[in-house]
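Subject: Handing over the model

Hi,

Here is the structure I promised to pass on to you. Please have a look at it first, and then read on for what turned up in it.

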Amino acid sequence: MLISPGARRVAGTGLALAVLAACAKIEPPPGAPPDATPPSLVATNPDTLGVYPGFSGDVSFVFSEVIAEGNAPSQGFGTSDLERLIILSPTTRPPVVRWHRNRITVHPREGWQPDRVYRVQLLPGVTDLRNNRSTAAAAVVTFTTGAPRPTRTLSGAVYDWAAGRPGVGALIEARHAGDSLTYRMIADSSGRFSLGPLPAGEYLVSGTLDQNRNLQRDPRETFDSVRLGPDRDTTGTLYAFPHDTVGPRLQSAFVGDSMTATLTFSQPLDPAQQVEPAAVTVRLLPDSTPLPVRSALPPRIDDSLHARVPADTARRAPIDTAAAQRAKGPLTAPERPALSDHLVLRVGAPFRPGGHYVITVHGLRNVAGVAADATGALSVAEPPPPPPPVTDSTGADSSRRSRPGARAPRRPR
């Protein structure tokens, strides 16, 4: 069949218009107020707490308008904008997340497994084409593929122990003791969480400060965990702290005054440890002359003991550090002291100006309970030289020449 040139031109024009229409940017009508309403969730599928043996479809979240796909399409690595908004449990692999204009669909990369309880959480942050961001609470779809309906809910809070603040957005993981399946969620802005409904049984619950937001615990990230039996549903406060497998090292030492120095370590220290003066050695180089040690205390305890101490403290008796620590009471939640990586060292004789010392704290424990001998150097600065004497640079008779009416000396001819 022959097509005339005119018909080809009409067909080409129609194709071009179709392409332009597909690429056109959606804009509000002229004169209309800008749309500042974020997209709202209007439906989910399947129904929450439903039992669906042999389920093979997708979990879908339907919105009131077209939503943005994000800067990059989902690639299956869990790093795209939409993938970061989905938490699928109990799988540990990034789920398959797809965009369908006003819908997001989710399914496990390995497929739905029979006789399991699944939990799909959509986090706040979905945006529309005008970049209006939804801040509504997270939406959750929980259903089973044949297992009994779950009824258990675990709750608690996460605290960033080192920083002394709530664990905002902490990653919560609850590993079932029977089948080792792990259910996950994100704590709220106060560090609190309520994870459920979950299958019955014993759980190991952990709270991790997920610094890179990849929804898994990396080796250097801080966490805390507690085991919950079938008859306990609350973790209390989880105090996230670094779990170093080597003991602390002495990183630096600086003189505060002639009788004190501040020691800084590589890790937070065990707040329950009582560092006795006998566990600290200070030796002057090069002949290793020992310097007596009076105390080595965390700053909070040292400050409380020496806030009103007079200047002649060097002649007082050594401090009973055990009594000082006991005076603070038991180290139990929720009154745990703040973590610190410092000790304030007080000696019984002044540091020598220009002297170089070797300091060792024996058996020092980090907050994970790992002990080591922490050794480092301390250098004491020389006192500044005295200022040079002030001399009269104007000469002996400068005042006489500057008197009013004084005659200037004659210049020789």
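Let me start with Asp 302, which counts as buried at 3% relative accessibility (buried means under 20% relative accessible area, exposed over 50%, and partly exposed in between, with a 1.4 Å probe and protein chains only). Before going further, a word on the source: this is a predicted model, in which local features need pLDDT of at least 70 and side-chain atom pairs count only at pLDDT 80 or more, while totals for chains, interfaces and linings use all residues. Residues are numbered from 1 along each chain as its sequence is written, and side-chain values use heavy atoms, with hydrogens and water left out.

Salt bridges

Asp 302 forms a salt bridge with Arg 346, at 2.9 Å from N to O (the term stands for a side-chain nitrogen of Lys or Arg within 4 Å of a carboxyl oxygen of Asp or Glu). This pair links distant parts of the chain, 44 residues apart: Arg 346 lies in strand E21 (residues 342–347) and Asp 302 in helix H2 (residues 299–306). Helices (H or I, at least four residues) and strands (E, at least two) are DSSP runs, numbered from the N terminus. Arg 346 is buried as well, with a relative accessible area of 16%.

How many salt bridges does a search of the whole structure find? There are seven. Another one joins Asp 244 and Arg 220, with the closest N and O atoms 3.1 Å apart. Here, too, distant parts of the chain are linked, 24 residues apart: Asp 244 is in the loop between strands E15 (234–240) and E16 (250–257), and Arg 220 is in the loop between strands E13 (203–208) and E14 (223–228). Asp 244 is buried at 11% relative accessible area, whereas Arg 220 is exposed at 69%. Arg 165 and Asp 160 also meet through their side chains, at 3.9 Å from N to O, and Asp 160 is buried at 12%.

Sheets

An open sheet of four strands runs in the order E11-E10-E13-E14, with antiparallel pairing (two strands pair if DSSP finds at least two bridges between them). Its edge strands are E11 (182–186) and E14, each pairing on one side only. The twist averages 15° from one strand to the next (axes are lines fitted to C-alpha atoms, for helices over the stretch in contact, and angles run from 0 to 180 degrees between N-to-C directions). Strand E10 (residues 171–176) and E13 pair over six bridges, and His 176 has Tyr 203 as its bridge partner in E13.

An open sheet of three strands, also antiparallel, has the order E3-E6-E7. E3 (86–89) and E7 (139–144) stand at its edges with a single partner strand each, so one side of each has no neighbour in the sheet. E3 and E6 (residues 117–122) are joined over four bridges, and Ile 87 stands opposite Gln 121 in E6.

Aromatic rings

The structure holds eleven aromatic pairs (rings of Phe, Tyr and Trp, the last by its six-membered ring, pair if their centres lie within 6.5 Å; planes under 30 degrees apart count as stacked, over 60 as edge-to-face and the rest as tilted). One of them is the tilted pair of Tyr 52 and Phe 55, at 6.0 Å centre to centre and 50° between the planes. Tyr 52 is partly exposed at 25%, while Phe 55 is buried at 17%.

Best wishes
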